[in-house]
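I want to look up how the chains meet and what lies inside.

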Amino acid sequence: MSKAITGFPAAGRSAPSIADVVAIALVIGALALLADGSRGVLGSLTALQQEPISLDPHALPGYAARTTLRMLCALLLSLAFTLTYATWAAKSERAARILLPLLDILQSVPILGFISVTVLFFLSLAPGRVLGAELAAVFAIFTSQAWNMAFSFYQSLRTVPRELNEAARGFGLSPWARFWRLEVPFAVPPMVWNMMMSMSGGWFFVVAAEAISVGRTSVALPGVGSYIAAAVAARDMHAIGWAIATMFAVILLYDQLLFRPMIAWADRFRFEQEGSARPPRSWVLDALTRSVLMNRLWRELRRWARSLTALAPRRPLAMAADVQQYSGRIDRIAASGVTLLAAAGAVEVVRFLAPEIRFADVLRVFGLGAITCLRVAVLIALASLVWVPVGVLIGIRPRLARVVQPLAQFLAAFPANLLFPVVVFSIVRWRLNPDIWLSPLMILGTQWYILFNVIAGASTIPAEMRLVSRNLGVRGWLWWARVAMPAVFPFYVTGALTASGGSWNASIVAELATWGNQRAEAVGLGSYIATATGSGDFHRVVLGIAVMSLFVIAINRTVWRPLYGLAERKYSM
Amino acid sequence: MNTPSIATTAPLLEVAGVRKTFARGEAGQLLVLDDVNLTINPGEIVGLLGRSGSGKSTLLRIISGLSRPTGGTVRFAGEPVTGAARGIAMVFQSFALFPWLTVYENVILGLEAQHLPREEIQRRADAAIELIGLAGFEAAYPRELSGGMRQRVGVARALVVQPRILLMDEPFSALDVLTAETLRTDFLELWGEGRLAIGAAILVTHNIEEAVQMCDRICVFGSNPGRILTSVPVTLPRPRNRLDPQFREFVERIYVEMTARAAPAVALRPERFPGTGIGTVLPQVSTTVLAGLIEAVAGPPFLGRADLPEIARTLQLEIDELFPAAELLQLLRLAEVEGGDIRLSEAGLTFAGADVEERKALFGKHLVNYVALAAHIRRVLEERASHRAPKSRFLDELEDYMAPEAAQQTLRAIVTLGRYAEAFLYDDEAGAFTLG
C-alpha cells in the first residue's frame with residue numbers, strides 16, 4: 001500500500017530532473033555564447049572600423065560575451081602552453097636550464113608595452129580581417145595569464161611525491177599514462193588557484209587588448225574593454241557606471257559557473273589522505289554530477305578519451321639511452337647554440353635601435369626607469385603598511401576571510417582605466433601634481449595581491465599557536481613582531497612580488513591618463529612607453545620595454561629572490 | 001612568608017557547574033560540557049581521562065581563561081577567571097612552537113610579554129633551559145629538533161613564567177613510546193624533587209596507563225556531552241612501576257569505571273529519539289579493526305570473553321580505538337561490554353568462525369536489523385525505482401538530531417559499514433547511495 005504512494009516520486013526519478021534541466025541550460029548556454037562570440041571573426045576589418053563601439057548599455061551583454069570568450073580562449077591557450085612548456089622544463093634538466101630563466105624574463109616583460117609590438121604582426125597574419133586583431137587581443141590576454149600558471153605547474157611536477165612516482169613506474173605506466181594519471185591530477189589544485197589569479201590579471205589588460213591603437217592603426221574590437229575605452233574618450237560617466245556593473249556581473253558569473261565548480265572538483269585531487277573538514281561545494285558541479293543525462297554524456301567522453309590515450313606509446317621511448325651517451329656533446333652544442341642566439345638577439349636589438357637612439361636617450365630612459373622604480377617602491381611600501389595588518393586581522397577570522405577573499409579578487413580584476421575619470425578630473429580641477437597623484441593608479445589593481453596573500457597566510461596560523469600566545473599574554477607589538485608578521489612573511493613576499501611586477505606593468509597605463517581630451521601625465525618610464533606607442537615610434541617602445549624588463553629582472557634578483565630564500569629557510573611552517 | 005598550612009588547605013582552582021555550548025547554525029546548540037565540577041589542590045597532579053572529542057581540551061581552555069564557559073564559574077586562587085589567566089601555563093600536544101624562533105626565543109616569549117628586565121629574562125630562561133635538559137640547544141630552531149626535544153621546549157616555555165598551575169593537553173601522545181616514557185619519568189623526577197616550582201598540574205590524556213603512572217587523582221570523562229563521570233584517587237606509592245601487579249590492578253579498575261559508565265550512553269541513545277532511532281551518533285571505526293577485535297576475542301587465550309586492558313595490550317589499541325569498536329560491536333549485537341570485559345554473542349562467535357562471504361552476510365543482517373540508520377537507507381533505496389538517493393537527503397535528516405560535524409561523521413561511518421556489508425553502495429563522486 002505504502003509502496004504505491006511512495007512509488008510516485010520514485011518513478012519520477014528516472015525522468016529528467018531539475019539537475020538535468022540546469023545542466024542542459026548550462027551546456028546549451030555555453031554553445032550559444034560560443035556561436036555568438038565567434039560571429040564576425042572572419043569579417044573584414046574596415047567594416048569593423050566603420051562600426052563604432054556603442055555606448056548604449058543594451059549593447060553591453062553582447063560585448064561582455066565577446067570579451068568573456070576572448071578571455072576563455074586565452075585561458076585555454078595558457079593551459080596548452082603550461083602543459084607543454086612546464087612539462088618540458090620539468091622533464092628535461094637540460095631544457096630547464098634555458099626554459100626557466102626564459103620564463104622568468106617573459107614574466108618580467110611589461111605586457112602592455114608588448115601589445116603594440118605584437119599587434120602589427122598579428123594584423124599582418126590575416127590582412128584586412130578581424131581575425132588578426134582578435135588574435136592580437138587573445139595573445140595579449142594570454143601573456144598576462146600564462147606565466148604564473150606555467151610556474152605553478154612546473155613546481156607541482158617537481159614535487160610529485162616520490163613514492164607515487166615509484167608506484168607508477170613499478171606498475172609499468174608509460175610516461176604518457178603517468179602524466180595524465182598522476183602528474184596532472186596532482187597539479188590540479190594549485191593550477192585552479194593560479195587560473196583564478198590569471199583571470200583577474202587578464203581583466204586588467206582587457207581594455208588595452210581590445211582597444212588597440214598603434215600610431216595610425218586603431219582597432220576597437222567589440223567588447224567590454226573597448227566599451228570602457230570609448231566611454232573614457234567620450235567622457236560618459238553613465239557608461240562607465242554600466243561598464244563597472246557589467247564587469248561585476250561577469251566576474252560573478254565566472255566565479256559561480258567556472259571557478260567554484262573547478263575548486264569543488266579540484267578538491268578530490270588534494271594529496272592529503274584525510275578529507276578536508278569542509279569540502280568546497282558548488283551548485284553547478286552538483287547539478288552537473290547529479291544529472292543523469294550529463295553522467296551518460298560524460299561516460300561517452302571518457303571512453304573516447306581513453307581510446308585516444310590507447311594510441312599513445314606504451315613503452316618509454318628507447319631513445320633516452322642513446323641521448324645519455326652523447327649527453328656531454330649535446331650540452332656543449334646546445335650551450336653554444338643558445339649563446340649564439342643570445343648574441344644575435346643583442347646585435348639585432350642594437351642594430352634596430354642604433355640609427356634612431358643615441359646614448360643620451362638610453363641614459364634618459366634609465367633615469368625615467370629610476371623614477372618609476374621609486375614610485376613602485378614607495379607604493380608597495382605604503383600598500384604593505386596598510387594591507388599587511390588588515391590582511392592579518394581578516395585572516396585570523398575565518399568567516400570574515402571567506403567573504404573578503406572573493407572581494408579582493410574582484411578588486412584585483414578592476415581595470416585602472418575605470419578610475420581615470422575621477423583621477424584626471426581631480427588633478428585638473430585642483431591642479432594637483434600628476435607625478436604624485438597619478439601614482440595610486442599603478443597600484444590600484446595590484447595592491448590586492450598583497451591583501452589576499454596575507455589573508456591566506458594569516459588563516460594558516462595554527463589555532464594552537466594563537467592559543468599559546470594568548471596563554472603567555474603575548475599582546476600588542478610583541479604579538480605582531482613574534483607571531484603575526486613572521487607567520488605571514490612567506491605569503492607576503494609572494495604577494496608583494498606579484499604586486500610589484502604588476503605595478504611596473506600598470507605604470508604604462510597609469511602614468512599617462514586621459515579623460516576625453518584632458519590628459520594628465522607623470523614623468524616616468526611608463527608614460528615614455530605609452531607616448532611612444534601612441535605615436536607609433538617602435539624604436540622607443542622597444543628601448544622602453546627593454547629597460548623596464550631589465551629593471552624588473554634586477555629587482556627580482558636583488559630583492560625578491562633573497563627574500564624568498566629567507567622565507568623558505570626561516571619562516572615556513 | 002605565608003604559612004604553608006593555609007596555602008595547602010585553600011584550593012588552587014575551583015571549577016563549579018561549568019557548561020559549554022557551541023552555536024551550530026540551524027541545528028541550534030551543541031552541548032560539549034555539562035555541569036563540570038572540579039577542585040584542584042596545591043601539590044596535586046590531576047588527570048582528565050577520556051576519549052578524544054569528549055571535551056577535555058575545551059575544559060582546559062576554559063580553565064586557562066582562553067575560552068569562556070556558557071555557564072558556571074572558574075576560580076583560580078580565589079579569583080574568578082575572566083580572561084587569559086596569568087599563573088596558568090599550557091603545554092600542547094602539537095608542541096605549538098614558533099618555527100621562526102630559536103629554542104631560546106621560544107622559551108622567553110612569555111617573559112617578554114611580561115616586560116621583565118633583560119637580565120631577569122636571561123637568568124630565568126637559562127635556569128629553565130638547564131632544568132629541562134635543553135642546554136646547548138638554545139640557538140637551534142624547532143625544525144632541527146626531534147619530537148621529544150621539541151616538547152621539552154614546550155615545557156620549558158610554560159615553566160619559565162613560573163605558573164601556579166601547569167596545564168598539559170596530551171603532551172606525550174605525539175611522541176613515540178620510548179621518548180614519551182623518558183619525558184614522563186623526567187617530569188615526575190623533577191616534580192618529586194620539588195624543582196618545578198609549580199603548585200599543581202592538570203594532565204589531559206586518553207592513555208589510561210599514563211594517567212595511573214602520573215596522577216594523584218584521575219577524573220574519568222564521559223562524552224556527548226562531556227562531563228566528569230567519576231573521580232578516582234590513585235593511592236599507589238611513587239615511583240610507580242607499570243609491571244607491578246598493583247599498578248595493573250589499578251589500570252583494570254579504571255577500565256571497569258570507564259566501560260561501566262560510558263557504555264550505556266550508546267545503548268540508550270535510540271530511546272532518546274523514539275520512533276526513528278537514526279539519531280545515534282556512530283563512531284568512525286575501521287571494519288578491519290572490528291573484524292580483528294572479534295577474531296582476537298574469539299581466539300585463545302580469551303575464547304569469547306576478554307579483559308579490555310588485556311585485549312588493548314594484545315592488539316596495541318589505544319582506548320580511542322578500542323572503546324568505539326567495542327561499542328559498535330555492542331550496537332550490532334555481536335558483543336557485549338560490561339565490567340571492563342568484552343564478551344562475544346552467539347552471532348559474534350559465528351562471525352569469528354565464518355568465511356568472508358558468510359561474515360559479510362551476517363554483518364549485513366545485523367547492520368540492517370540493529371542500526372536504525374542503515375535500515376532507513378536500505379528502505380529508501382528499495383522504495384525508489386532508480387535505487388539511488390543523494391547523501392544530502394540523509395545528512396539533512398541526521399542534522400535534525402545532531403551537530404553537523406557529528407552528522408558528517410555518522411554518515412561516513414555508515415558508508416564504511418554499509419560498503420563492508422555490501423548492504424548498499426556509495427558513489428563519492430556523485431555523492432549518492434545506491435543499491436548494489
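Predicted model: local features only at pLDDT ≥ 70, side-chain atom pairs only at ≥ 80, totals over all residues.

Residues are numbered from 1 along each chain as its sequence is written, while chains are lettered from A and ligands numbered from 1 in the order in which they are written.

**Chain A.** I find 25 helices and four strands in chain A. Helices are DSSP runs of H or I with at least four residues, strands are runs of E with at least two, and both are numbered from the N terminus. Of the 573 residues in chain A, 38% are buried (20 or more other C-beta atoms within 10 Å of a residue's own, C-beta atoms being placed from the backbone).

**Where the chains touch.** I see 25 residues from chain A and 27 residues from chain B in the contact (C-beta atoms, placed from the backbone, within 7 Å). Helix 22 of chain A gives the largest share of the chain A side, six residues.

**Core.** The largest nonpolar core has 265 residues (buried Ala, Val, Leu, Ile, Met, Phe, Trp, Tyr and Cys joined through C-beta atoms within 7 Å). Val454(A) and Ile165(B) have the most contacts inside this core. I list some partners of Ile165(B), including Leu12(B), Ile40(B) and Ile198(B).

**Sheet.** I looked at an open sheet of three strands in chain B, order 14-16-15, with antiparallel pairing (strands pair if DSSP finds at least two bridges between them). Its edge strands are strand 14 (388-390) and strand 15 (425-427) of chain B. Three bridges join strand 14 to strand 16 of chain B. Ala389(B) stands opposite Phe433(B).

Notes: Contact = placed C-beta atoms within 7 Å. Buried ≥ 20, exposed ≤ 12 C-beta atoms within 10 Å, placed from the backbone. Lists of a residue's contacts leave out its neighbours within four places in sequence.
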